[in-house]
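Thanks for coming. I will go through one structure this morning, a few residues at a time. Please keep the picture open while I talk.

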Amino acid sequence: MSLRLSTVILPYRRWNEGGREAWQRAEQLGFHTGYTYDHLSWRTFRDGPWFGAVPTLTGAAAVTDRLRLGTLVTSPNFRHPVTLAKELITLDDISGGRVTLGIGAGGTGFDATALGQDPWTPRERADRLAEFVPLLDRLLREDSVSYEGDYYSAHEARNIPGCVQRPRLPFAVAATGPRGLKLAARHGQAWVTTGDPKLYENGTPEQSRQALRGQIDRLGDACAAVGRDTKELDKILLTGFTPDRGHPLESLDAFVDFAGRHRELGFTELVIHWPIPDSDFAADEKVFEQIAMEAPAQLG
């Protein structure tokens with residue numbers, strides 16, 4: 001089974017001060033997809049520069065030709081399906097059909113309160129995502145959509161001419177719980193995980209792989225329940241949040257070992273963070289580039 005290698009480029013640099021060059025370099029290095037986080041601000045970057053995901057990806061689309069582009073991940077925290085659909089159709093058009101939407105329920109960080117609301121409970125986040133994804137699916141497929149739901153509405157929302165990718169651009173659904181996995185099975189072209197967060201601090205790499213194996217098994221059950229073969233879904237691991245932390249980026253051999261073990265679990269794509277000095281994502285840029293250029297050939 002081949003394993004694709006992608007990267008996630010956080011939108012913290014001004015476009016003319018390294019932002020543009022990172023996306024161009026990602027394409028030169030041969031990454032399959034360049035993703036970015038879709039947040040209003042994020043964790044330790046809270047008090048520093050942080051730019052919007054869709055405009056960033058639009059800029060990336062204009063300066064690249066082959067690199068796929070995507071979000072990891074968009075959430076309902078500050079998005080509405082109607083306006084998001086219009087932005088995605090436009091981005092898919094500008095990029096020539098190179099967009100993947102990573103989508104998930106979101107969390108309780110800064111995005112959850114930036115619009116002045118109280119943070120939603122886990123159940124409410126799941127409820128909203130369960131309504132958000134099917135409506136967005138329709139908006140990206142159909143010329144005109146009307147819908148009245150508990151959380152979202154659309155009244156004759158027009159989305160002509162639709163996506164370049166048909167019937168719509170692919171969804172990569174981030175999920176580990178039963179309701180999210182059901183959404184991935186029904187609407188996703190890919191599934192995304194960061195592993196089991198409970199293991200990040202004190203777990204072992206082997207425990208992490210066991211947890212990931214369990215997640216993939218539950219995804220298979222969710223697919224079977226809707227009559228779908230789990231092989232139809234790409235399985236994406238966003239690295240950096242398992243007990244391995246930054247170890248896989250310490251050398252080419254370390255990464256190939258890490259990647260091979262996760263390919264055996266069934267993952268089809270690994271995403272590594274573009275190095276950011278003095279952060280949780282600090283890494284040797286020369287090693288990072290060596291991994292990008294040489295690891296895929298070793299992994300087959």
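I start with D278, which counts as exposed because its relative accessibility is 83%. For the terms: buried is under 20% relative accessible area, exposed is over 50%, and partly exposed is in between, with a 1.4 Å probe and protein chains only. Before going on, two remarks on the source. This is a predicted model, where local features need pLDDT of at least 70 and side-chain atom pairs count only at pLDDT 80 or more, while totals for chains, interfaces and linings use all residues. Residues are numbered from 1 along each chain as its sequence is written, and side-chain values use heavy atoms, with hydrogens and water left out.

Back to D278. This residue is in the loop between β10 and α8. Helices here are DSSP runs of H or I with at least four residues, strands are runs of E with at least two, and both are numbered from the N terminus. The phi of D278 is near 55°, a positive value in a residue other than glycine. R43 is another such case, with a positive phi of about 45°. R43 is in the loop between β2 and α2, and its relative accessible area of 53% means that it is exposed. Why point these out? Because most residues other than glycine have a negative phi, and most peptide bonds are trans.

The one joining L72 and V73 is cis, with omega about -15°, and V73 sits in strand β3. The bond from R166 to P167 is also cis, with omega near 5°. P167 is in the loop between β6 (153–158) and β7 (171–174).

Now stay with β3. How many of its seven residues are buried? Seven of the seven are. β3 runs parallel to β2, and four bridges join them; two strands pair if DSSP finds at least two bridges between them. In this pairing T33 stands opposite R68. β2, α2 and β3 form a right-handed β-α-β unit. Right-handed means that, with the strands pointing away from the viewer, the path from the first strand over the helix to the second runs clockwise. β3 is also joined to strand β4 (residues 99–103) by four bridges, again in parallel, and T74 stands opposite I103. From β3 the chain crosses through helix α3 (residues 81–95) to β4, and that crossover is right-handed.

Next, helix α1 (residues 19–29). Its buried residues are G19, A22, W23, A26, E27 and L29. They pack against β1 (4–8), β2 (33–36), α2 (53–63), β3 (68–74) and α8 (285–299); contact means heavy atoms within 4.5 Å. Just after α1, G30 takes a positive phi of about 90°.

What does F31 touch, leaving aside its neighbours within four places in sequence? Its contacts are L5, S6, T7, A26, L67, I272, W274, F288 and A292. F31 also belongs to the largest nonpolar core, which has 66 residues. Such a core is a set of buried Ala, Val, Leu, Ile, Met, Phe, Trp, Tyr and Cys residues joined through side-chain atoms within 4.5 Å. F31, L136, L140, W191, F255, L270 and I291 touch the most other members. Helix α4 (residues 122–141) gives the most to this core, with seven residues. Another core lies apart from it, with 19 residues, among them L10, W50, F241 and I276.

Last, the rings. There are twelve aromatic pairs in the structure. Rings of Phe, Tyr and Trp (its six-membered ring) pair if their centres lie within 6.5 Å; planes under 30 degrees apart are stacked, over 60 edge-to-face, and the rest tilted. F45 and W50 have ring centres 5.7 Å apart and planes at 55°, so that pair is tilted. Both of these residues are buried. W274 and F288 have centres 5.0 Å apart and planes at 70°, so their pair is edge-to-face. W274 is in the loop between β10 (269–273) and α8, F288 is in helix α8, and the two are 14 residues apart. W274 counts as buried because its relative accessibility is 10%, and F288 counts as buried because its value is 2%. Ring pairs also link Y12, Y37, W42, F45, W50, F241 and F281 into a cluster.
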